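This briefing sets out the fold, the packing and selected residues of one protein. Please view the sequence and the structure together while reading.

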Amino acid sequence: DGLFAVVAFLVFMSGNALNFVALGMIQESLVTLLGAWALVINVFSAKLMLGEEPGPLDGMAVGLIVAGISLCVVGSVPNHKKWCVRELVAQYTKPAVVVLMVLNACLIASLVSLQISFRAFQRRTGSRDIPLSVRFSYIFTGAQISWFTVLFGKSFSLLLLPSLAGDNQFIEPFCAVIVAGFLVSLPSQLFYVASSLTINDALFHVPNFFIFYNLGSLIGGALLYDEMAEFATSNVVIFTIGVLVLISGVLVVNRSQRLKRERLEAAAAAAAGPGEA
């Protein structure tokens, strides 16, 4: 078990490192949407590692996710712009970007304050019940923090890759803000994902987090990195359909998992007998 945990951690870290590199090479929106491919891998790995037989909805989900990713790739316009540090700083000072980031920061701060107040209320009253609104706030907070993680992460990657090749980009004071934003938001995002999964069912967490996280990525990428500036009407239509198909695939995956769990619970209850159920 210890070796398996180490291997799993190394795979996780390797995947995130490659994800970081990819942010500096292709559109942010594509990187985050392609993350749904992990759900396809889960369908097959569950059979190989856990002995779970895929159900009919799993095949449908895989088809929808693959189709959604394909449509997003076809609908996107390759963006080969090489951002230098001065251009990035100029992008961060655009009014729309400033408003987006300030509003998101205020939203996160408000949600965290409400969660702290609720925890204090629990300690005073001894209550262990967590309302749905509070449980959802942890998902939403993690997704909003992820906006910052992917925005700052792409900027950091755009600066780091050419710097490693000999063209130093860390020459502006604002670079410290980018690096600090990434280094603070990344563990904060992981903390909120873990916290959400301790109080939420994964079947509730995954689709909601995926939707809000990707909406943030799409909006942030469009405003900060002009990723949709060259989209024609046909690109907008195809890309939008791809996103909707992809989201529907994620929802089908979670529906499939819910049905499997209900069948297992029913089988366990039947095996226990009426007296023990």
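**Q144 and the overall picture**

Q144 is buried, its relative accessible area being 4%; here buried means under 20% relative accessible area, exposed over 50%, and partly exposed in between, with a 1.4 Å probe and protein chains only. The residue belongs to helix α7. The model is predicted: local features need pLDDT of at least 70, side-chain atom pairs count only at pLDDT 80 or more, and totals for chains, interfaces and linings use all residues. Residues are numbered from 1 along each chain as its sequence is written, and side-chain values use heavy atoms, with hydrogens and water left out.

**Fold and overall dimensions**

- The secondary structure consists of 10 helices and zero strands, where helices (H or I, at least four residues) and strands (E, at least two) are DSSP runs numbered from the N terminus.
- In sequence order the pattern reads α-α-α-α-α-α-α-α-α-α.
- The C-alpha trace spans about 70 × 50 × 45 Å along its principal axes.
- Of the 277 residues in the protein, 39% are buried.
- Contact means heavy atoms within 4.5 Å; among contacts between residues at least 6 apart in sequence, 82% join residues at least 24 apart.

**Surface and charge**

- The accessible surface is about 15000 Å², and 72% of this surface belongs to carbon and sulfur atoms; the areas come from the Shrake-Rupley method with a 1.4 Å probe, and for residues only the protein chains shown count as cover.
- There are 16 positive and 16 negative side chains, and the centres of the two sets lie 6 Å apart.
- Lys and Arg count as positive and Asp and Glu as negative, while His and the chain ends are not counted; each charge is placed at NZ of Lys, CZ of Arg, CG of Asp or CD of Glu.

**Nonpolar cores**

- A nonpolar core is a set of buried Ala, Val, Leu, Ile, Met, Phe, Trp, Tyr and Cys residues joined through side-chain atoms within 4.5 Å.
- The largest nonpolar core has 25 residues, of which Y92, F152 and Y225 touch the most other members.
- Two or more residues of this core come from each of α5 (85-92), α6 (95-125), α7 (132-164) and α8 (174-199), and α7 gives the most, with nine residues.
- Residues up to four places away in sequence aside, Y92 touches V97, V98, M101, L151, F152, S155, F174, I178, L224 and Y225.
- A second, separate core comprises 20 residues, including V62, F210, F231 and V250.

**Helix α7**

- The 33 residues of α7 should span 48 Å at 1.5 Å a residue, and the distance of 47 Å between its end C-alpha atoms agrees with this; the expected span is 1.5 Å times one less than the number of residues.
- Helix α7 is mostly covered, with 25 of its 33 residues buried.
- Q144 is in contact with N104, L107, I108 and F212, not counting residues up to four places away in sequence.
- F140, also placed in α7, counts as buried at 18% relative accessibility.
- Beyond its neighbours within four places in sequence, F140 contacts L107, L111 and F212.
- F140 and Y213 are 73 residues apart along the chain, and their C-alpha atoms are separated by 8.5 Å.
- Just after α7, G166 has a positive phi of about 110°.

- The buried residues of α4 are D58, A61, V62, I65, G68, I69, C72 and G75.
- I238 lies in helix α10 and is partly exposed at a relative accessible area of 29%.
- Residues up to four places away in sequence aside, I238 touches L71, V74 and G75.

**Loop residues**

- E172, in the loop between α7 and α8, counts as partly exposed at 24% relative accessibility.
- E172 is in contact with V85, R86 and V89, leaving aside neighbours within four places in sequence.
- E172 and V85 are 87 residues apart in sequence, yet 7.1 Å apart in space, C-alpha to C-alpha.
- D226 lies in the loop between α9 (202-224) and α10 (233-272) and is partly exposed, with a relative accessible area of 28%.
- The phi of D226 is near 55°, a positive value in a residue other than glycine.
- Most residues other than glycine have a negative phi.
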